[in-house]
Amino acid sequence: TCGNKVLCREGYKNGAAMLAHSAEVKDDLEGMIKKIGKEKVKIICSGPASEIEKVKPHMDGRLPIHFVNLDSGSLLLNAFPKGCSDTHITILPEFVVPAGKMEEFKAGFPKFYAATK
């Protein structure tokens, strides 16, 4: 947390893995968003354009997602083995929690954390 903001960083092997996780937490996430309001949620989803294009058709507007295509020539700090392509997807959700609602909001996070294991 940072003041009244809750930040979460999630990484997935590819777009399919991100979509699978999204399906697992869909109801809980929608419930949390209803508590604070959609306008107080920002989600950045980044990855190779080919993986982003796999995710976009499954996002129906209920979640405020901004998609960012990674530059295929960007710096890679830990090189992949020869012949392996970068398919990872990263999302960074930010929730701005209304005053007095932080403990209630944080109480829902164990379900999300458990779904990443």
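The legends below describe close-up views of one predicted protein model.

The model is predicted; local features need pLDDT of at least 70, side-chain atom pairs count only at pLDDT 80 or more, and totals for chains, interfaces and linings use all residues. Residues are numbered from 1 along each chain as its sequence is written, and side-chain values use heavy atoms, with hydrogens and water left out.

**View 1. Overall fold of the protein, with 4 helices and 5 strands.** Helices (H or I, at least four residues) and strands (E, at least two) are DSSP runs, numbered from the N terminus. Along the sequence, the elements follow the pattern β-β-α-β-α-β-β-α-α. Contact means heavy atoms within 4.5 Å. Among contacts between residues at least 6 apart in sequence, 76% join residues at least 24 apart. Residues are called buried under 20% relative accessible area, exposed over 50%, and partly exposed in between (1.4 Å probe, protein chains only). Of the 117 residues of the protein, 29% count as buried.

**View 2. The largest nonpolar core, made up of 21 residues.** A nonpolar core is a set of buried Ala, Val, Leu, Ile, Met, Phe, Trp, Tyr and Cys residues joined through side-chain atoms within 4.5 Å. V6, M18, I89, I91, F95, F105 and F109 touch the most other members of this core. At least two core residues are supplied by each of α1 (15-36), β3 (41-47), α2 (49-55), β5 (89-96) and α3 (102-106). Helix α1 provides the largest share, 6 residues.

**View 3. Surroundings of F109, a member of the largest nonpolar core.** With neighbours within four places in sequence left aside, F109 is in contact with V6, C8, M32 and F95. Two of these partners, V6 and F95, are listed with F109 among the core residues that touch the most other members. C8, another partner of F109, is buried at a relative accessible area of 19%.

**View 4. Two buried cysteines, C8 and C45.** The relative accessible area of C8 is 19%, and that of C45 is 0%. A search of the whole structure finds 0 disulfides, a disulfide being a pair of cysteine sulfur atoms within 2.5 Å. In general, a disulfide is a covalent bond between the sulfur atoms of two cysteines.

**View 5. H21 in helix α1 and its polar contact with E10.** A polar contact is a pair of N or O atoms within 3.5 Å; within protein, one must be able to donate a hydrogen and the other to accept it, and residues adjacent in sequence count only if both atoms are side-chain atoms. The side chains of H21 and E10 make such a contact at 3.4 Å. H21 counts as buried, at 6% relative accessibility.

**View 6. The salt bridge between K42 and E94.** A salt bridge is a side-chain nitrogen of Lys or Arg within 4 Å of a carboxyl oxygen of Asp or Glu. A search of the whole structure finds 5 salt bridges. In the bridge between K42 and E94, the closest N and O atoms are 3.3 Å apart. K42 lies in strand β3 and E94 in strand β5, so this pair ties together parts that are 52 residues apart in sequence. K42 is exposed at 51% relative accessible area, whereas E94 is buried at 14%.

**View 7. K54 and E51 in helix α2.** The side chains of K54 and E51 meet in a salt bridge, with an N to O distance of 2.8 Å. K54 is partly exposed at 46% relative accessibility, while E51 is buried with a relative accessible area of 4%. K54 and A16 are 38 residues apart in sequence and 7.5 Å apart in space, C-alpha to C-alpha.

**View 8. The salt bridge between E104 and K101.** The N to O distance in this bridge is 3.7 Å. E104 is partly exposed at 39% relative accessible area, and K101 is partly exposed at 38%. Salt bridges that share partners join K35, K101 and E104 into one network.
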